[in-house]
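Reader: Please show me the model, and then let us go through the terms used to describe it.

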Amino acid sequence: METAADATGLLPSPPHKPPRKRHRGVLRYPFVRQLLRFTGVGIICTGSSLAIYALLRPLIDPQLANAVALILTSLMNTALNRRLTFKITGSKKRARDHLSGVLVIGIALLITGGSLGVLHLFKPEASVAEELWTTTLSGFVATAVRFTLLRHWIFRRARHV
């Protein structure tokens with residue numbers, strides 16, 4: 001049996017995609033959604049970094065322990081932010097994104113390392129717990145700088161997701 005589409009040579013229209021999910025309230029702003037996802041990634045990476053620091057600190061000096069912890073978690077952080085926060089998939093520009101991420105980690109090292117330097121300047125006998133608090137608090141500043149640089153420099157092509 002011939003259908004109207006067959007008789008006219010017209011093909012049926014392709015199935016429609018479901019409408020995009022509309023966000024309500026403050027979630028309608030891409031910045032807010034990115035900030036929430038970035039926070040989740042940050043919690044994971046900060047926990048990992050603090051654990052690595054605490055494990056290394058009895059064996060090496062605080063600056064080196066801080067640097068090793070940040071460097072080890074930086075690749076994970078950039079990869080997670082690339083995929084989860086800014087919704088970038090595929091390998092296009094991945095190497096450049098990670099190289100730029102290393103530069104941002106360098107800035108974080110300056111901030112957290114500088115705070116450790118100031119702590120040891122005023123309290124040379126600081127405990128590991130005091131060092132952890134110092135790197136955590138200065139890490140908040142470094143995190144704000146990191147989010148800003150990721151959003152407006154490295155992943156600016158995906159700012160509105």
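Reader: What makes Phe86 and Phe147 buried or exposed?

Author: Phe86 and Phe147 are both buried, a term for under 20% relative accessible area, with exposed meaning over 50% and partly exposed in between (1.4 Å probe, protein chains only). Phe86 has a relative accessible area of 0%, so Phe86 is called buried. This is a predicted model, in which local features need pLDDT of at least 70 and side-chain atom pairs count only at pLDDT 80 or more, while totals for chains, interfaces and linings use all residues. Residues are numbered from 1 along each chain as its sequence is written, and side-chain values use heavy atoms, with hydrogens and water left out.

Reader: Why is the aromatic pair of Phe86 and Phe155 called tilted?

Author: Rings of Phe, Tyr and Trp (its six-membered ring) pair if their centres lie within 6.5 Å; planes under 30 degrees apart count as stacked, over 60 as edge-to-face and the rest as tilted. Phe86 and Phe155 lie 5.1 Å centre to centre with 35° between the planes, and the pair is therefore tilted.

Reader: What does the pair of Phe86 and Phe155 tie together?

Author: Phe86 lies in the loop between α3 and α4 and Phe155 in the segment after α5, so parts 69 residues apart in sequence are tied together. Helices here are DSSP runs (H or I, at least four residues), as are strands (E, at least two), numbered from the N terminus.

Reader: How do you know that Phe155 is buried?

Author: Phe155 has a relative accessible area of 0%, which means that Phe155 counts as buried.

Reader: Why does Val26 count as exposed?

Author: Val26 has 56% relative accessibility and therefore counts as exposed. Val26 lies in the loop between α1 (4–8) and α2 (30–56).
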